[in-house]
Every structure is written in C-alpha cells, then in structure tokens.
Amino acid sequence: MFRRAGQRTFARFNSSGHGHVSKYISESAFPHVDKKAGEEFIKKQSEKAQHSEGITNTWKRLTYLIAFPAIALTAIPVVNIEMHHAEHRKHLRELPDEEWPTQYEYQNLRQKKFFWGDGDKTLFWNSDINRHIES
C-alpha cells in the first residue's frame with residue numbers, strides 16, 4: 001500500500017507537467033555581485049554594531065548608577081509616609097459609627113445594588129477606610 005504512494009510521489013515530482021523543476025534552478029540568484037558594495041555594507045554594519053554596543057553600555061550605566069538610586073531615594077520618604085497612614089487607619093478601624101466623620105447626602109449614593117457581595121460595597125471597597133453608615 002505505501003509502496004505505491006511513494007511511487008506516485010516520485011512520479012508527481014518527476015513529471016514534466018505540474019510540479020516540474022524550473023529551468024533557472026542552476027543559475028545564480030545574484031548574477032552580478034559587486035564585491036566593493038558588499039564590503040562597504042559589512043563595514044557599515046560593523047560600525048552600527050559598535051555604536052549600538054557603546055550606547056547600550058551608556059544606558060546600562062545610567063540605569064544602575066542614576067535611575068535605581070533615584071528610585072530608592074524617592075521610595076524611602078514615601079514608605080515612611082505610608083507607614084504613618086497605616087497607623088492612622090488602625091485608629092480609624094476602631095472608631096464606632098457615631099464618631100465616624102459626617103456622611104453627606106452626596107456620599108455613597110446607591111441607585112441599585114452591586115451584583116457582587118452584599119450589594120452595598122463597591123469593587124474597590126476597603127473596610128479600613130470606607131464605611132457606609134445608613135441612618
């Protein structure tokens with residue numbers, strides 16, 4: 001069975017009709033090669049590669065010596081402030097509803113219930129910070 005399939009494939013590629021080999025197969029794809037232009041192209045490519053390597057090293061140095069220390073120096077005071085806020089939020093968590101800041105009529109408006117949870121809390125609800133006191 002498979003012997004005949006192999007013969008058919010061979011016959012198909014060997015036929016002079018459909019699937020025949022092009023008469024240009026033995027000719028060079030680039031008959032007129034300009035060696036001087038080729039050498040010039042290779043020289044330009046190597047110059048580009050050297051330039052790219054130098055620029056890459058410059059940006060690596062800028063990243064490690066300037067950007068990372070700048071981010072670290074900026075992060076230190078932000079962390080300190082956020083730690084202070086976290087202490088304040090601990091205090092707010094323990095406040096009873098009567099001492100919670102006044103809720104005005106434009107706050108926590110609900111036209112219809114949310115389809116998750118109990119329907120009252122938004123998707124980004126944080127129980128330490130947000131409180132919905134119904135009168």
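The structure is a predicted model, in which local features need pLDDT of at least 70 and side-chain atom pairs count only at pLDDT 80 or more, while totals for chains, interfaces and linings use all residues. Residues are numbered from 1 along each chain as its sequence is written, and side-chain values use heavy atoms, with hydrogens and water left out.

The partner of lysine 44 is glutamate 40, and the closest N and O atoms of this salt bridge are 3.9 Å apart. A salt bridge here requires a side-chain nitrogen of Lys or Arg within 4 Å of a carboxyl oxygen of Asp or Glu. Glutamate 40 is likewise partly exposed, at a relative accessible area of 43%. Helix H2 contains both residues, with a spacing of four residues, or about one turn of the helix.

## Overall architecture

The protein comprises two helices and zero strands. These elements are DSSP runs numbered from the N terminus (helices: H or I, at least four residues; strands: E, at least two). Of its 135 residues, 5% count as buried.

Among contacts with a separation of 6 or more, 47% involve residues 24 or more positions apart, where a contact means heavy atoms within 4.5 Å.

The model holds three salt bridges in total. Side chains of opposite charge can pair when their charged atoms come close. One of the bridges joins arginine 110 to aspartate 120 at an N to O distance of 3.3 Å. Arginine 110 and aspartate 120 each lie in the segment after H2, so their pairing ties together parts that are 10 residues apart in sequence. Aspartate 120 is buried, at 17% relative accessible area, whereas arginine 110 counts as partly exposed at 25%.

Another bridge links aspartate 118 with lysine 121, the closest N and O atoms being 3.2 Å apart. Aspartate 118 is partly exposed at 46% relative accessibility, and lysine 121 is also partly exposed, with a value of 32%.

## Aromatic pairs

A pair of aromatic rings is described by the distance of the centres and the angle of the planes. Rings of Phe, Tyr and Trp (its six-membered ring) pair if their centres lie within 6.5 Å; planes under 30 degrees apart count as stacked, over 60 as edge-to-face and the rest as tilted. The model contains four aromatic pairs. Among them, tyrosine 64 and phenylalanine 68 form a tilted pair, with 5.6 Å centre to centre and 55° between the planes. These two residues lie in helix H2 (residues 35–93), four residues apart, about one turn of the helix. Tyrosine 64 is exposed at 53% relative accessible area, while phenylalanine 68 counts as partly exposed at 45%.

The pair of phenylalanine 115 and tryptophan 116 is edge-to-face, because the ring centres are 4.9 Å apart and the planes stand at 80°. Phenylalanine 115 is exposed, with 79% relative accessibility, and tryptophan 116 is partly exposed, with 28% relative accessible area. Together with Phe114, the residues Phe115 and Trp116 form one aromatic cluster.

Methods
Buried < 20%, exposed > 50% of the residue type's maximum accessible area, 1.4 Å probe, protein only.
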